[in-house]
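Q: Could you take a close look at one part of this model for me, the aromatic contacts and the sheet they belong to? I'd like the cut-offs spelled out as you go.

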Amino acid sequence: MWKRVAVLSPLISSSKSALLTEGTYGIKIWRSISSEIFKQEAYAPSPKEIAPFITFVLGGPGSGKGTQCIKIANSFGFKHLSAGDLLRREILSNSADGEKILNTIKEGRIVPSEVTVKLIKKEIESSDNNKILIDGFPRSEENRIAFEKITGAEPNIVLFFDCPQEEMVKRVLNRNEGRIDDNLDTIKTRLEVFSALNLPVIGYYSKRGKLQTINAVGTVDEIFDQVRPIFEHVRQ
């Protein structure tokens, strides 16, 4: 064995430089390829690079959608955006938009679409969560069209909490949250507005196969038992 090696040693010596050069070049290429593969495997898009999974939650005042949204957000890791809360927060900011919003709500009318959509879009873009739950929006076809036009997005799911009018009135009058629109006259106006404007939105999404209707009569847990299966596939 050692004699054979000795015989071959001149050949090995003569080609040693070339082999080392080629080997080093090959190692550099392999390292470069490996590094690139590792970078590709290690890269994970940030939530802001992923199209958000959007759920609209609809229902009349007192239908219980806000309570259910809290349970959905806690159970399935959604960012909960309440259109009403965003508007009320804007009112408290004492901005020009806030004053307009206040007067509109006092009269039981719907806030201009572009104002609400602007607030919602800002919240979505600033969130690190790409699972978004939008509570109480859109409230009209105008809202819906404005949302799709301004954000360039559509909802993945639309939940509709179906509740009798008498039950909604009773719930709103009993919740005692101190809201400026929680009085009998305004509630009646809001329910009339909801029936006239929100039901066409519900019909639109029903035709598109995105609507999930929930019977909103019962305990909070009984209602959530209907909601839970809808979101099992998007659990964190």
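A: Phe 78 is buried, at a relative accessible area of 5% (buried is under 20%, exposed over 50% and partly exposed in between, with a 1.4 Å probe and protein chains only). Together, Phe 53 and Phe 78 make an edge-to-face aromatic pair, with 6.1 Å from centre to centre and 70° between the planes. For the terms: rings of Phe, Tyr and Trp (its six-membered ring) pair if their centres lie within 6.5 Å, and planes under 30 degrees apart count as stacked, over 60 as edge-to-face, the rest as tilted. Phe 53 belongs to strand β1 while Phe 78 sits in the loop between α2 (65–76) and β2, so this pair ties together parts 25 residues apart in sequence. Helices (H or I, at least four residues) and strands (E, at least two) are DSSP runs numbered from the N terminus.

Before going on, a word on ground rules: this is a predicted model, where local features need pLDDT of at least 70 and side-chain atom pairs count only at pLDDT 80 or more, while totals for chains, interfaces and linings use all residues. Residues are numbered from 1 along each chain as its sequence is written, and side-chain values use heavy atoms, leaving out hydrogens and water.

Back to the rings. Phe 53 and Phe 78 also belong to a cluster that ring pairs build with Phe 76, Phe 224 and Phe 231. Over the ring of Phe 224 sits the charged end of Lys 71, 5.0 Å from the ring centre (the test is NZ of Lys or CZ of Arg within 6 Å of the centre and within 35 degrees of the ring normal).

Since Phe 56 is in β1 and Tyr 205 in helix α8 (residues 184–207), the pair ties together parts 149 residues apart in sequence.

Now the sheet. Phe 56 stands opposite Val 158 in β4, and β1 (residues 53–59) pairs with β4 (residues 157–162) in the parallel sense over five bridges; two strands pair if DSSP finds at least two bridges between them. The whole open sheet has five strands, ordered β2-β3-β1-β4-β5 with parallel pairing. Its edge strands, each pairing on one side only, are β2 (79–82) and β5 (211–215).
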